[in-house]
Amino acid sequence: MRTSASPREVPGVLLVDSPRRSVHGPCNRTGRPVQGAILVADSLGPELYDAIVASSAVICARGGRTGHMQSLCRSRGIPVLRIEPSDLDALPAEVTVLLDRESVILGEAEPAPHPSTLRPTALDQIESICVVIADATDIQSTNALRPPVHQASSFFVREEFVCFAAGLSPIDALRAGAREAERYGAAIAAEICSMVDELLPGQRLVMRLLDLRSDDAAKITSAAHVDDEPNPELGRHGARWLLHERHYPQAFHSLRAHIREHLGADAARVRFAVPFINDSDEFLRLRRRLGLRYDTPLGVFVETPAAVHSAAEFCASGASELFVGTKDLIQFYLAADRGNHLVSATYQTRHPAVLAALRQAVESGRAAGVPVHVFALGADLDHYVHHIPTRNLMMCTAELKHLANARCSLAGQFR
């Protein structure tokens, strides 16, 4: 009599959670989009954007919880499991990712209960939420929640994610001359306008200006030269890059002109924010370079220790709002690479130094009457609500949906 062996279970670390209990499907190792498949890749980079958003889950061998592509997965509710490289190579044609067990089954498996890690009570204590999105569909799904989440007052998108969704290679376009830079700006504007069309009355859209590290840029650039930096995370990106990239001002002018032309009065619902910046000197220089008047709203991302200590000066220099990017800020405060799982125990989202920095940024904005929005992972939401003096937070689309659904379920239990 033939007996079947029990399927093998490979342990891992869940980098991005999901409300689903398990995900079963075929493995996709091609790097190309396969709708509904489980993407298998050594690491996640921008060149895999299309493959990632088409996937039902991702299995990788490298990376941490807060990398850029992991953030994309978090906004879309796509679970990410990291396993050992040798186990990655051994995955068969079909697998089942068990989220509650943080493992992958080589074959099919029965899902087990998946307890929620989010506390719905925190939602009622938040005054406003800037929802982190990847494209217009995230706005649609957020605004379709029933009952509606009235705290979702704004949406935040990175310019590079707009590029990926539109099939643009930003470095190639910006270095092909002024005319191509203007076309690039117009293409970005078209994507932004489609997002604005999905906004409800009173909502707005914030775009973080282009912030591509050299290692990520090299993966999606075909014609232009990208400098090879020894430490891209601390290299020329964010405000440093925007201050030196020759044709970015033309692209930005074209972007704003097309938004004004197509949206009219609604153009005021689109705001911009400066990434990876240290002090008010950089902020004022960039304003001048982009041709922005002092009264034109421009936000600032606080994600370095220098920016925390410059928060009051940013406000005094005309910053319209502050966005505290905790993912980068934590890695710089604790000297722990957020993409390196070997130092994940050091990367602590609730470290006393981190919480002190968040309080300082919030209090600086409050003293100047400038709104401050603090990014929070779902697991930290309740803790941040109770330990940071702000009720204006940023969170990913999928985690907001999970929180809203959990609140509905809890309310139903007491009817």
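Here are some questions and answers about how this predicted model is described.

Q: Why is Arg 74 called buried?
A: Its relative accessible area is 6%, and buried means under 20%. The value of 6% falls under that cut-off, so Arg 74 counts as buried.

Q: What does Arg 74 touch, not counting residues up to four places away in sequence?
A: Arg 74 touches Leu 15, Val 16, Arg 65, Leu 377, Cys 396, Ala 398 and Glu 399. Contact here means heavy atoms within 4.5 Å.

Q: Where is Arg 74 found, and what makes us say that α2 is largely enclosed by the rest of the structure?
A: Arg 74 is found in helix α2, which covers residues 68-76. In this helix, 8 of the 9 residues are buried, so α2 is largely enclosed by the rest of the structure. The buried ones are His 68, Met 69, Gln 70, Ser 71, Leu 72, Cys 73, Arg 74 and Ser 75.

Q: Which residue follows α2, and what is its phi?
A: Gly 77 follows α2, and its phi is positive, near 75°.

Q: Why are α5 and α7 called roughly perpendicular to each other?
A: Helix α5 (residues 159-166) and helix α7 (residues 178-196) pack at an angle of about 95°, with their axes 10 Å apart. Angles from 65 to 115 degrees count as roughly perpendicular. The angle of about 95° lies in that range, and therefore α5 and α7 are roughly perpendicular to each other.

Q: How do you know that the radius of gyration of the protein chain agrees with that of a compact globule?
A: With 415 residues, a compact globule would have a radius of gyration near 22 Å. The protein chain has 21 Å, so the value agrees.

Q: What else describes the protein chain as a whole?
A: The secondary structure comes to 17 helices and 16 strands. Of the 415 residues, 57% count as buried. Among contacts with a separation of 6 or more, 68% join residues 24 or more positions apart.

Definitions and conventions:
Residues numbered from 1 in each chain as written. Predicted model: local features only at pLDDT ≥ 70, side-chain atom pairs only at ≥ 80, totals over all residues. Heavy atoms only, no water. Helix = DSSP H or I, 4+ residues; strand = E, 2+ residues; numbered from the N terminus. Buried < 20%, exposed > 50% of the residue type's maximum accessible area, 1.4 Å probe, protein only. Axes fitted to C-alpha atoms, helices over the stretch in contact; angles between N-to-C directions. Parallel < 35°, antiparallel > 145°, perpendicular 65-115°, else oblique. Rg over C-alpha atoms; globule rule 2.2 N^0.38 Å.
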